[in-house]
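I opened this notebook to look up the salt bridges of one model. The entries below follow the order in which I went through them.

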Amino acid sequence: MATWDHIEPASQGGNGRLENLHLVCFACNQKRRNKKAKKTWLSVRDRLKRASATGQPDSP
C-alpha cells in the first residue's frame, strides 16, 4: 500500500504542499520515521512537471 510521505518531516517544520510530498510504500514510510528524504526523491509536483514535459509517466 502506498502512503503520502513528507520529504521534510512535519515534525521538523515540513508542510503539506505538493513540493514536500511524495508517495512511498507504508513499510518504507514507517522505517524512515522523521528523517529527511534523500535528495534524489522527487516531490509529487516535480514528478508531474517531468511527466508533462516528456509526455510520459514518471517511474519511481
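Predicted model: local features only at pLDDT ≥ 70, side-chain atom pairs only at ≥ 80, totals over all residues.

Residues are numbered from 1 along each chain as its sequence is written, and side-chain values use heavy atoms, with hydrogens and water left out.

I took a salt bridge as a side-chain nitrogen of Lys or Arg within 4 Å of a carboxyl oxygen of Asp or Glu.

I looked up Asp5 and found it bridged to Arg32, with the closest N and O atoms 2.3 Å apart. This pair links distant parts of the chain, 27 residues apart: Asp5 lies in strand S1 (residues 2–6) and Arg32 in helix H1 (residues 26–32). I took helices (H or I, at least four residues) and strands (E, at least two) as DSSP runs, numbered from the N terminus. Asp5 counts as buried at 5% relative accessibility, and Arg32 counts as buried at 10%.

I then turned to Glu19, which forms a salt bridge with Arg17 at 3.4 Å between the closest N and O atoms. Arg17 is exposed, with a relative accessible area of 53%, whereas Glu19 is partly exposed at 33%.

Which residue forms a salt bridge with Glu19 at 2.1 Å? I found Arg45, that distance being between the closest N and O atoms. Arg45 is in helix H2 (residues 44–54) and Glu19 in the loop between S1 and strand S2 (21–25), 26 residues apart. Arg45 counts as partly exposed at 37% relative accessibility. I recorded Arg17, Glu19 and Arg45 as one network, joined by salt bridges that share partners.

Conventions
Buried < 20%, exposed > 50% of the residue type's maximum accessible area, 1.4 Å probe, protein only.
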